[in-house]
Amino acid sequence: MIARQDPHQVRRRTVLGVAGVAAIGATVGLPRRGWAQGPRGKTVAVLGGGVAGLTVAHELAQRGFRVTVYERKALGGKARSIPVAGTATGGRRDLPGEHGHRGIFGFYHNLPDTLRRIPFPGNENGVHDNLAEVKRVSFARAGGREDLLLPPFPPKPDAFTPEALQRLIVAVIQQLAHLPLHEALFLARQAAIFMTSSDERRFGQWEHVSWWDFIKADGKSEDYRRLFGGGVQIIQALKPENASARTSGQGGEAIIYSYLGLGVDGPADRILNGPTSERWLDPWVAHLRSLGVRFQLNHTVDGLELEKNRVVAATARTPNGSTRIEADWFVCAMPADRAVRLWNRDILDADPRLGDMRELEHTWSNGIQFYLRRRVPVFPGHVAHVDSPWALVSINQAQFWHDDFASTWGDGVARDSLSVVISDWETPGIRYGKPANRCTPQEIADEVWAQLKAHLEDTGRQYLPDDVLHSWFLDPAIAVADTGLTNDEPYLLNTVGSWFQRPDAATAIPNLFLAADYVRTPSNVDFTSMETANEAGRRAVNALLDAADSRAERVRLFSGYQPPEFDLAKRIDAERFRLGLPHILDTPWPA
């Protein structure tokens with residue numbers, strides 16, 4: 001419950017809530033009919049070639065703008081595949097590495113809409129038809145404890161039916177089977193509080209409370225803390241000890257609605273049916289080139305020049321020296337840790353709010369792939385390794401891929417790719433007793449392999465015998481330095497209160513716009529993901545079209561699902577929040 005406060009504190013919290021709701025107001029408008037061309041002769045420099053930058057290029061090129069994308073590494077950003085050089089023989093392609101495996105959840109809408117509009121040979125719905133359903137999720141336990149399995153994802157109900165809710169309750173009971181009854185009941189109550197909280201309370205109260213504190217993880221059982229307070233990180237950018245209850249709760253309810261088939265684009269969990277670049281990014285870039293988009297790689301943007309409150313040029317370092325980038329419009333689609341380096345005194349004088357971005361925090365969440373000599377019966381879906389100190393999540397990829405692994409990639413000996421994401425780089429491991437960021441790459445591989453085996457070995461059965469290992473590949477963003485490891489591509493960490501440090505797509509500089517996963521996406525999920533990057537790109541395009549007085553149709557924005565059954569409860573809660581009262585269910589919990 002909310003502690004008693006003086007009226008000034010109540011008014012301040014209400015103002016914060018109203019500010020958050022005002023941001024939510026920038027949602028979808030009705031699209032204008034037709035594809036009117038954007039202003040001729042207008043050039044756009046997109047600084048950054050990740051998912052957000054490519055989204056911007058796609059939408060603007062379709063509207064008649066001349067777009068050039070400047071990227072320091074490779075197109076696709078963290079989503080790209082990374083071929084393991086020198087591993088191909090016999091006409092096959094190099095083994096496919098990656099920053100980390102990816103899931104495209106059912107509650108994603110903006111990204112799937114883009115995927116449908118990227119042509120792919122033989123596919124009626126473009127790249128979208130390359131999505132493969134992942135039907136099972138396992139929460140693997142170590143030390144002989146029973147794994148927790150979600151039942152197969154149910155059919156898509158059109159509303160909250162008793163049958164759908166019953167399936168959900170059964171799944172929850174299975175997950176909570178090892179919890180004391182009072183903990184299960186308390187967690188269910190907290191879920192009900194959040195799901196019926198008004199937007200005013202979400203932004204005015206829950207944004208300022210960590211998920212860990214919201215579920216009162218201190219003092220609870222080990223299983224409670226591991227399963228719901230940090231041990232399971234299906235969504236890598238959400239660390240419950242740091243993330244706000246608003247962001248974590250929003251992600252959790254989106255997963256629940258998706259599991260029930262409510263307001264979804266498709267199955268609750270999907271991955272691409274092959275390496276990301278081959279099945280998505282390469283066709284996307286080819287399509288953008290056909291629309292007239294130009295790409296300049298090996299361009300590290302390191303400055304912006306401002307005159308009369310407009311950006312007149314960007315500067316970039318290239319292998320051949322420094323270069324000057326001129327355009328009418330600039331869209332910064334660089335990650336937050338790199339974008340803030342562009343905010344010089346002139347930029348901050350023009351838009352002081354951008355200085356708040358310096359308070360944003362980042363985390364490590366990078367992948368390692370193990371190439372296997374034969375298929376192993378691990379699990380037909382994503383596996384969260386609950387008791388792994390490094391918060392591992394894995395998936396055997398070849399079972400979902402369109403092409404035969406051994407005959408398509410590598411040397412013909414590797415037959416599968418076990419892709420693993422490491423989300424905790426600061427907790428000591430079980431083999432070397434060191435955190436991941438203090439290990440050598442070989443030690444990381446050995447440690448992850450040991451943690452996987454500890455979770456996947458069953459009585460009398462060896463799921464990961466050592467002789468099955470062919471080779472491994474660690475995300476090359478992880479590099480060895482004198483003081484340990486460095487990470488060239490960290491993730492934005494959604495922390496308590498960080499919503500108010502994040503900017504909107506439009507800045508106070510009339511020809512500068514922002515498109516990346518740190519941009520506010522108020523009507524949908526807003527944790528670091530490909531979905532938020534895609535939506536941020538769409539918002540940047542709409543802001544640019546407004547600034548250009550363009551008659552072109554605005555880009556469609558999709559909102560997250562909100563069950564109408566909760567509307568009345570949320571209206572009541574909004575009034576209670578305005579009066580400084582706690583949520584009606586937020587009463588003292590008996591000891």
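Predicted model: local features only at pLDDT ≥ 70, side-chain atom pairs only at ≥ 80, totals over all residues.
I began with contacts, meaning heavy atoms within 4.5 Å, and found that, among the contacts in the protein with a separation of 6 or more, residues 24 or more positions apart account for 71%.

Residues are numbered from 1 along each chain as its sequence is written, and side-chain values use heavy atoms, with hydrogens and water left out.

**Overall make-up.** I looked up the elements, which are DSSP runs numbered from the N terminus (helices are H or I with at least four residues, strands are E with at least two), and the protein has 16 helices and 24 strands. Of its 591 residues, 59% count as buried, where buried means under 20% relative accessible area, exposed over 50% and partly exposed in between, with a 1.4 Å probe and protein chains only.

**Aromatic rings.** I then turned to rings of Phe, Tyr and Trp (its six-membered ring), which pair if their centres lie within 6.5 Å; planes under 30 degrees apart count as stacked, over 60 as edge-to-face and the rest as tilted. By this rule I have 17 aromatic pairs. Why does the pair of Phe203 and Trp499 count as edge-to-face? The ring centres of Phe203 and Trp499 are 5.0 Å apart and their planes stand at 65°, so the pair is edge-to-face. This pair links distant parts of the chain, 296 residues apart, with Phe203 in helix H6 (residues 199-204) and Trp499 in the loop between strand S23 (491-493) and strand S24 (512-514). Phe203 is buried at a relative accessible area of 3%, and Trp499 is also buried, at 1%. Elsewhere I noted one aromatic cluster, formed by Phe105, Phe107, Tyr108 and Phe527.

**Charges over rings.** A charge sits over a ring if NZ of Lys or CZ of Arg is within 6 Å of the ring centre and within 35 degrees of the ring normal. I found the charged end of Lys78 over the ring of Tyr491, 5.8 Å from its centre, and Lys220 over the face of Phe186, at 4.6 Å from the ring centre.

**One sheet.** Two strands pair if DSSP finds at least two bridges between them, and I followed three strands that form an open antiparallel sheet in the order S11-S12-S13. Strand S11 (300-307) and strand S13 (321-325) are the edge strands, each pairing on one side only. S11 and strand S12 (residues 310-318) pair over seven bridges, and Val301 has Ala316 in S12 as its bridge partner.
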